[in-house]
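These are my notebook entries on a structure I looked up. I record each point in the order in which I examined it.

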Amino acid sequence: MATYTSKQYANSPKAFVGATPGNTMTFYWEVSITAAAANLDAFVFGTVPKGFRLTHATLESTDIDTNGSPTVTINVGDAGDADRIFAASTVGQAGTLSSAMATTGFGYLYTDDTVITGAIPTGPATGATGTLLLAIMGRFEGPNS
């Protein structure tokens, strides 16, 4: 099991100064998987601010399970719900993307600054290195939400 962090997370500001309530916000994170993907690998994408309401997400992966009968799945969520945004997504099985987010994530309002994370709950049959891309969009309702 390894933990991979997006380069955007390492360089992102910790305070979201200047965002106006009612504005749309989009976050885009890229995580490089530098060793063969494995069961329980964890990913740190980035932070959304207090007052962010999630309305859309897209997850893309390169083929991180090169077996003829791939098994890898990917969850994306946060500390409160590990699969709030994507639950058992199969995008890593053939190098695809999906915007079929989990129903628990649509419209969810983050009441604190929150780190968006991911994990591989079902490991690959034949793990490979690769890249995960996550884009999420929502409405900033303000820090007092």
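Which backbone atom lies 3.4 Å from a polar atom of the side chain of S89? I found that it is the backbone nitrogen of V91. I note that the model is predicted.

Entry 1: I located S89 in strand 6, which covers residues 81-89. Leaving aside neighbours within four places in sequence, I listed the contacts of S89 as L59, V72, T73 and I74.

Entry 2: I then looked up the open sheet of five strands, whose order is 1-3-8-5-6 with mixed pairing. Its edge strands are strand 1 (3-5) and strand 6, each pairing on one side only. The twist from one strand to the next averages 25 degrees. I saw that strand 1 runs parallel to strand 3 (residues 42-48) and is joined to it by three bridges. T3 has A42 in strand 3 as its bridge partner.

**Entry 3: salt bridges.** I recorded three salt bridges in the structure. R53 and E141 meet through their side chains at 2.5 Å, N to O. R53 is in strand 4 (residues 52-61) and E141 in the segment after strand 9 (130-140), so this pair ties together parts 88 residues apart in sequence. R139 and E141 form another salt bridge at 3.4 Å, and I noted R53, R139 and E141 as a linked network. R53 is partly exposed at 26%, as are E141 at 24% and R139 at 39%.

Key: Residues are numbered from 1 along each chain as its sequence is written. This is a predicted model: local features need pLDDT of at least 70, side-chain atom pairs count only at pLDDT 80 or more; totals for chains, interfaces and linings use all residues. Side-chain values use heavy atoms; hydrogens and water are left out. Helices (H or I, at least four residues) and strands (E, at least two) are DSSP runs, numbered from the N terminus. A polar contact is a pair of N or O atoms within 3.5 Å; within protein, one must be able to donate a hydrogen and the other to accept it, and residues adjacent in sequence count only if both atoms are side-chain atoms. Contact means heavy atoms within 4.5 Å. Two strands pair if DSSP finds at least two bridges between them. Axes are lines fitted to C-alpha atoms, for helices over the stretch in contact, and angles run from 0 to 180 degrees between N-to-C directions. A salt bridge is a side-chain nitrogen of Lys or Arg within 4 Å of a carboxyl oxygen of Asp or Glu. Buried means under 20% relative accessible area, exposed over 50%, partly exposed in between (1.4 Å probe, protein chains only).
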